[in-house]
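Visitor: I have a model open and would like to go through a few residues. Could you take my questions as they come?

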Amino acid sequence: MRQIPGLNIQWPWSELLLNGRKTEETRTYALPARYEGVELAVIETPGQTGKVNGASRARIIGTITFNKSFAYLSKKKWIEDFDRHQITPSDPLFGWRPDKTKYG
């Protein structure tokens, strides 16, 4: 069996990435260069509700390949890119924070 590296992504963001509604993953760190252009397993983890589509355990739901990361330099740009990342600026866990750099 082929083994590939994986990335933990909370539900519902994991599902939105795989179905194409979310085209950009955001983090407070840049994607390591060794993972750029590499197929990664999407490991769906419980979201804020503690459930993943009714289950409480992580599971691999597909694969994805990311390009090079970039830093968001302003809240304005973050808001303009909502259609890509699907995260509201006020989201308490993943929204815009002026004290943390956001990467797409």
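Predicted model: local features only at pLDDT ≥ 70, side-chain atom pairs only at ≥ 80, totals over all residues.

Visitor: Which residues touch the most other members of the largest nonpolar core?

Guide: They are Ile 9, Trp 13, Leu 17, Ile 64, Phe 66 and Trp 78, in a core of 14 residues. Strand 1 (6–10), helix 1 (13–18) and strand 2 (39–45) each supply at least two residues of this core.

Visitor: And which element gives the most to this core?

Guide: Helix 1 does, with 3 residues.

Visitor: What does Ile 9 touch, leaving out residues up to four places away in sequence?

Guide: Its contacts include Leu 17, Val 42 and Ile 43, as well as the charged residues Glu 25, Arg 27 and Glu 44.

Visitor: Changing topic, where is Lys 102, and is it buried or exposed?

Guide: Lys 102 is in strand 5 and is buried. Lys 102 has no salt bridge, and the nearest side chain of opposite charge, that of Asp 91, is 7.5 Å away.

Visitor: What does the side chain of Lys 102 reach, then?

Guide: It reaches the backbone oxygen of Phe 94 at 2.7 Å. Among the residues that Lys 102 touches are Phe 70, Tyr 72, Trp 78 and Trp 96.

Visitor: Why does Asp 99 count as exposed?

Guide: Asp 99 counts as exposed because its relative accessibility is 56%, and the cut-off is over 50%. Asp 99 lies in the loop between helix 3 (82–85) and strand 5 (102–103).

Visitor: Which side chain does Asp 99 join in a polar contact?

Guide: That of Arg 97, at 2.8 Å.

Key:
Residues numbered from 1 in each chain as written. Heavy atoms only, no water. Core = buried A, V, L, I, M, F, W, Y, C linked by side-chain atoms within 4.5 Å. Buried < 20%, exposed > 50% of the residue type's maximum accessible area, 1.4 Å probe, protein only. Helix = DSSP H or I, 4+ residues; strand = E, 2+ residues; numbered from the N terminus. Contact = heavy atoms within 4.5 Å. Polar contact = N/O pair within 3.5 Å; in protein donor to acceptor, adjacent residues only side chain to side chain. Salt bridge = Lys/Arg side-chain N within 4 Å of Asp/Glu carboxyl O.
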